[in-house]
Amino acid sequence: MNVEQEFKNRLAKVKDAMRDQGLQTLLVHDSGRHNFLRMNYVAYLTDFISVGPETMLVVPLEDVPVLYLSPVWDIARAREESFVADVRPFKDFHARLPNITGKVGLVGREALSAALHEEIVKSLGQAPVNAKDIIENLARCKTDFELARLRRAAEIA
């Protein structure tokens with residue numbers, strides 16, 4: 001299996017789990033503070049590791065995902081390295097929020113600032129449900145692709 005197909009499969013499985021939980025949109029956040037004790041949910045779904053303070057992957061159930069990130073100079077690298085075709089500045093995320101409808105899940109709440117969480121709740125008119133189990137449950141069962149990456153990392157270490 002090639003790398004791109006691996007990430008398409010992950011996204012398809014995430015959308016299946018969203019359907020099961022009745023979610024119309026999944027917001028996947030990363031703060032850019034890398035911690036070996038915490039999963040990088042955005043990287044798991046995009047193969048892109050952000051360096052900026054705000055990264056949000058918006059996964060609509062019936063549409064393609066959009067990756068919002070800062071700083072803007074990192075957008076070119078995200079377009080090159082990730083498997084998300086639509087990459088935008090994080091400031092554009094704020095304008096998208098009021099247009100999101102239906103039940104919303106949030107992944108990465110523990111790294112989200114209180115101010116951004118408050119803005120999301122206010123803009124959506126609802127608190128998003130904690131949906132990190134969607135990605136964590138998926139990530140527990142390693143694919144051949146993931147096992148190969150783990151083996152390569154062990155070799156490097």
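Me: How many aromatic pairs does the structure hold?
Reply: This is a predicted model, in which local features need pLDDT of at least 70 and side-chain atom pairs count only at pLDDT 80 or more, while totals for chains, interfaces and linings use all residues. Residues are numbered from 1 along each chain as its sequence is written, and side-chain values use heavy atoms, with hydrogens and water left out. Rings of Phe, Tyr and Trp (its six-membered ring) pair if their centres lie within 6.5 Å; planes under 30 degrees apart count as stacked, over 60 as edge-to-face and the rest as tilted. By this rule, the number of aromatic pairs in the structure is three.

Me: Which residues form one aromatic cluster?
Reply: A pair of aromatic rings is described by the distance of the centres and the angle of the planes. The residues that form one cluster here are Y68, F90 and F93.

Me: At what distance from the ring centre does R10 lie over the face of Y44?
Reply: A charge sits over a ring if NZ of Lys or CZ of Arg is within 6 Å of the ring centre and within 35 degrees of the ring normal. The charged end of R10 sits over the ring of F7, 4.4 Å from its centre. R10 also lies over the face of Y44, where the distance from the ring centre is 4.0 Å.

Me: Is E6 buried or exposed?
Reply: E6 belongs to helix α1, residues 3-21; helices (H or I, at least four residues) and strands (E, at least two) are DSSP runs, numbered from the N terminus. Buried means under 20% relative accessible area, exposed over 50% and partly exposed in between, with a 1.4 Å probe and protein chains only. Because its relative accessible area is 3%, E6 is buried.

Me: In what order do the six strands of the open sheet lie?
Reply: Two strands pair if DSSP finds at least two bridges between them. β1 and β2 pair in the antiparallel sense over six bridges, β2 and β3 do likewise over four, and four bridges join β3 to β4, which run parallel. The pairing in the open sheet is mixed, and the order is β4-β3-β2-β1-β5-β6. Each edge strand pairs on one side only, and these edge strands are β4 (86-89) and β6 (129-130).

Me: Why is β2 described as largely enclosed by the rest of the structure?
Reply: In a regular strand the side chains alternate between the two faces of the sheet. In β2 both faces are covered: T55, L57 and V59 on one side, and M56, V58 and P60 on the other, are all buried. β2 is largely enclosed because the number of its six residues that are buried is six.

Me: Which residues have the most contacts inside the largest nonpolar core?
Reply: A nonpolar core is a set of buried Ala, Val, Leu, Ile, Met, Phe, Trp, Tyr and Cys residues joined through side-chain atoms within 4.5 Å. In soluble globular proteins, nonpolar side chains tend to be buried together. The largest core has 27 residues, and those with the most contacts inside it are V14, M18, L26, V28, L67, I134 and I135.

Me: Which peptide bond is cis, with omega near 5°?
Reply: Most residues other than glycine have a negative phi, and most peptide bonds are trans. P71 lies in the loop between β3 and α3. The cis bond, with omega near 5°, runs from S70 to P71.

Me: What is the phi of D47?
Reply: D47 is placed in the loop between α2 and β2. Its phi is positive, in a residue other than glycine, and the value is near 70°.
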